Amino acid sequence: MNILQITNYECASASANDNTGINRVVTALSTYFVHTGGDTCFNAYFNANPRGLSEVFSAGLQLTLPLNEDELQSFLIANQIDRVIINVSNIEYVRVIPIINKIAHVCHAKTTYCIHFMPGYEACSYTTFSMVYYNLTHKGKFIDVLKKWLITISRPISSKLIQAVIRERYARPLETSDKVVVFSQEYVKQYLNIACSTRYDKFAVVHNPLPFGEYINKDELGRKEKEVIIVGRLYEPQKRISYALRVWRMIEKNPLLNDWKLTIIGEGVSEGYYKWLINKYHLKNVVLVGRQDPQPYYQKASILLSPSSYEGWPMVIMESMPQGVIPCVFNSYAAANEIIDHDKNGIVAPDNDLRAMYESIAELMLSPNKRLQMATAAIEKSKSFDMEIIGKLWRKTLLDIQAPQDSAALQ
């Protein structure tokens, strides 16, 4: 197959320093297609990457808005593309998916829309009044944060209204794509509910793969440090790191846990707010290290705390579990329970229940034997997402797509 991967950003290497989470998955899958199946892969992208294009791609094309349809069609024809995988997530790019599908079908290529997010995430932004107050007093984006806070406190009414507004942006890609790939069976139901559709036949469920096939040596688990890590973009409406800081405030009040530390890895617009909360809560064992390669932290940390209000299939968990890091998340998205078996290889606390999360983490901190047992189980569970397994599912999905609709009907 000649496969075109369409992304928000140009795909560089699979390194976390060079790529977004989506791009790391796309690059890793493309590497599998090329090296295992003998396929040829290409990358079309809307934004260039200063790191340049990964060598796994035979050629690249930068797309524009509005879309240059002739240029894209010429690229498909010149490279004899027969499969197009659309991985875009930004709304302005999602809107042009029907046009991309139309061009691909004219060129007799089959199309797959891979959704790297949770359907309906637009209604899941989280904000507290303290963040509204912070932005008001620190000259932040007060109006934007105020809107998100109003959405937060008015659920479920706001969720229904937002779903009505976004219905078309879900319905049109579903109508025009040959296949839609989501990460969870529950996401199929959520997508169809928003799109007001019954087209179950259009969907395939394929989990995200491990981007790296490296597993920590079990002998090294005994040398793990008393460290909890948070890895990701510092963006409160999604990542809810304020939840983690409130849990950590409980941990620091427990004298039996004062030898543990919390390391926050990442950068983003909410960094100032988090520093303000750290000072407000008088937290001592918390450090923000900025944007770093997370791999060394995975190797030495014992626990990953990921308090997001929503995720698609979080790559930070995929990257940490093979390194024996125990993931602790809230039950705020369906995929959490497909990645983690609660109290066996990680923690899935009831959403918004900070006390339950604290008690689960405190129990882990106080029990080296349980940490070792769960870390070992996390490594084993992560192997079910190995690239060999997920890559074969992707290949089968691409090969099983029915012939595209008659191109004349799409124009």
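**Strands, cores and cavities in a predicted model**

Strand E8 (residues 227–231) and strand E9 (residues 261–265) run parallel and are joined by five bridges; strands here count as pairs if DSSP finds at least two bridges between them. Helices (H or I, at least four residues) and strands (E, at least two) are DSSP runs, numbered from the N terminus. This is a predicted model, in which local features need pLDDT of at least 70 and side-chain atom pairs count only at pLDDT 80 or more, while totals for chains, interfaces and linings use all residues. Residues are numbered from 1 along each chain as its sequence is written, and side-chain values use heavy atoms, with hydrogens and water left out.

On to E8's other partner: two bridges join E8 to strand E11 (residues 303–306), again running parallel. Val 228 takes part on both sides, with Leu 262 as its bridge partner in E9 and Ile 303 as its bridge partner in E11. E8 is mostly covered, with five of its five residues buried; buried means under 20% relative accessible area, exposed over 50%, and partly exposed in between (1.4 Å probe, protein chains only). Glu 227, Ile 229 and Val 231 point one way from E8, and Val 228 and Ile 230 point the other way.

Next come the nonpolar cores, each a set of buried Ala, Val, Leu, Ile, Met, Phe, Trp, Tyr and Cys residues joined through side-chain atoms within 4.5 Å. The largest has 92 residues, and Leu 4, Ile 6, Val 84 and Trp 394 have the most contacts inside it. Helix H1 (residues 21–37) gives the most to this core, namely seven residues. Apart from it lies another core, of 46 residues, including Val 132, Ile 278, Phe 330 and Met 365.

Val 84 sits in strand E4 (residues 83–86) and counts as buried because its relative accessible area is 1%. Leaving out residues up to four places away in sequence, Val 84 touches Leu 4, Ile 6, Leu 76 and Ile 100, among others; contact means heavy atoms within 4.5 Å. Val 84 and Gln 5 are 79 residues apart in sequence, yet 6.2 Å apart in space, C-alpha to C-alpha. Asn 101, in helix H4 (residues 97–106), is buried too, at 0% relative accessibility. Among the residues that Asn 101 touches, not counting those up to four places away in sequence, are Ile 86, Thr 111 and Pro 173.

Residues lining the largest cavity include Ser 89, Tyr 113, Glu 122 and Arg 169.

Most residues other than glycine have a negative phi, and most peptide bonds are trans. A cis peptide bond joins Leu 65 and Pro 66, with omega about -5°, and another cis bond joins Arg 155 and Pro 156, with omega about 5°. His 108 is not a glycine but has a positive phi of about 65°, and this residue is exposed, at 63% relative accessibility. Asn 352 likewise has a positive phi, of about 75°, and is partly exposed at 45%.

Methods
On a 1 Å grid over the protein atoms alone, a cavity is a set of points where a 1.4 Å probe fits but cannot get out, and a pocket is an open set with protein on both sides within 12 Å along at least five of seven lines; lining residues have an atom within 4 Å of a point.
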